[in-house]
Amino acid sequence: MEDEILTRSVAEIIDRKHLEQQLHSGKKLRIKLGIDPTGARLHIGHAVVLWILRRFQDLGHTAVLIIGDTTASIGDPSGKNETRPPLTKSDIAKNFATYEQQALKILDKNRLELHWQSEWFAKFTLQDVIYEASQLSAGWIMSHETFRQRLKMGQSLAFHELLYPLIQAYDSVATKADVELGGLDQKFNLLTGRELMHAHGLEPQDIVLADYLIGTDGQKMGKTLGNFIALEDEPNDMFGKVMSINDDLILKYFEFATQMPISEIKELEKELEAGANPRDIKKRLAQEIVTLYHGAKLATSAANEWAKVFSKKEKPSEIRNVKVHESSIIGILVETNLASSKNEAKRLIDQKGVRVNDEIANEGTKVPPSSIIQVGKRKFIKTE
RNA sequence: GGGCAGGUGGUAGAGCGGUCAAUUACUCCAGACUGUAAAUCUGGCGCCUUUAUGGCUACAUAGGUUCGAAUCCUAUCCUGCCCA
């Protein structure tokens, strides 16, 4: 366990030696993770860092979650090429509520400490801001790759964005973090935490940077890219999405997205090298992942369902029933959101992408009550 | 404050008075092939209809010029660069 915590899904550790000593010292460490209360749905890419945090918890350390209600009014500039619109207070509260619900599927709430940035920043005066800013050099801030890039490329960069690393860094001072976790793109922000802690006479936090989990299409997993597996995806859906990842990613997903011991993953690697059908290994992967978020029982039924629909090409056992008012096939497709417009519906029909009761539909196809309508390979509904 | 260059569809990025609902690439959708993988190939990708050499809405916003504007003019907002 202690070995895995420094290697599994981890891209970089600063300062490794120091952290190892800390872990061996028997001290109860405070592990900080900042949360950006923006999007609502977590995906298994976000989960990577949460699982790392969970492993620390399992060793008896305390997870310190910081909700970035102050930084939300800036928007993390890391890796972004434009200024982000700020969020309102109620957005933040709402977003956090959904975040918490999802994150608790992974974290242990008994070893959890929760803070809002406003706990300390609400009291900040301009003098305080100036003082904190004086502890960092402009050269340091401008050494941030993202800032340099944006200036070089002639993209917008607003002054307040330069404060982002400082604000996040102060969280580490306020909470006296021993370790801070983050994604690889957070490196600069977390390093700034070390700088600022040093300036305040505190022992600088160690940093554990999680590696990226690649999305289902091989690109970085991201909400905007639409290639993510959400923690709240339905079991069947989640299973299907895992099955659709590229073969090359299978082992990486085992490491990053499941809790299977590394030794077992090594076994699977050998099986693959020996010529096992990647599909079968992937089924195990899907089963593992679905089990984490939905339990073993639902995972098994998702596996059966998948085999039924896609291997044997039968229909799913449960098809969503939808009340329809339209009578034409085009009208129904639009009404049920299977197509976004009538033109879209026509296109789908022209391209033989629509079936009504297993028959390829044309524009004049009649839809009797209780018909099964299929669009593409995976979308089914039953009319009422 | 002054000068210059820009703001185009989900993204990047062409177009610079009619032939523009707008080249192209990526994303995306459907089909073929498959292991619901990847790769590849084919078709499509603003909305509506009586499917038409059709209508409507769109190229930052608001006006204007013109038979006709994404393209020209004016104002406004926004961005970058240079000067102070």
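The expected span of a helix is 1.5 Å times one less than its number of residues. In this predicted model, helix H3 covers residues 44-58, 15 residues in total, and extends 20 Å from its first C-alpha to its last, close to the expected 21 Å. Buried positions of H3 include Ile-44, Val-48, Leu-53 and Phe-56. After the helix comes Gly-60, which has a positive phi, near 100 degrees.

The model also contains an open sheet of six strands, arranged in the order E1-E6-E5-E2-E3-E4 with mixed pairing. Strands E1 (10-14) and E4 (112-116) stand at the edges with a single partner strand each, so one side of each has no neighbour in the sheet. From one strand to the next, the twist averages 20 degrees. Strands of a sheet pair through backbone hydrogen bonds, either parallel or antiparallel. The pairing of E1 with strand E6 (residues 206-210) is antiparallel and runs over four bridges. Ile-14 stands opposite Ile-207 of E6.

Two helices are placed against these strands. Helix H2 (residues 16-24) lies across E1, E5 (179-183) and E6, at about 105 degrees to E6. Helix H9 (residues 163-175) packs on the sheet and touches E2 (30-35), E3 (62-67), E4 and E5; its direction makes about 145 degrees with that of E2.

Helices H12 (residues 250-257) and H13 (residues 262-273) pack with their axes 10 Å apart, at an angle of about 170 degrees. The two helices are therefore roughly antiparallel to each other. Leu-251, Phe-254 and Glu-255 of H12 make the contact with Ile-265, Leu-268 and Glu-269 of H13. Of the residues in this contact, four are nonpolar, two are charged and none is polar.

Terms used: Residues numbered from 1 in each chain as written. Chains lettered and ligands numbered in written order. Predicted model: local features only at pLDDT ≥ 70, side-chain atom pairs only at ≥ 80, totals over all residues. Buried ≥ 20, exposed ≤ 12 C-beta atoms within 10 Å, placed from the backbone. Axes fitted to C-alpha atoms, helices over the stretch in contact; angles between N-to-C directions. Parallel < 35°, antiparallel > 145°, perpendicular 65-115°, else oblique. Contact = placed C-beta atoms within 7 Å. Nonpolar A, V, L, I, M, F, W, Y, C, P; charged D, E, K, R; others polar. Pairing = 2+ DSSP bridges.
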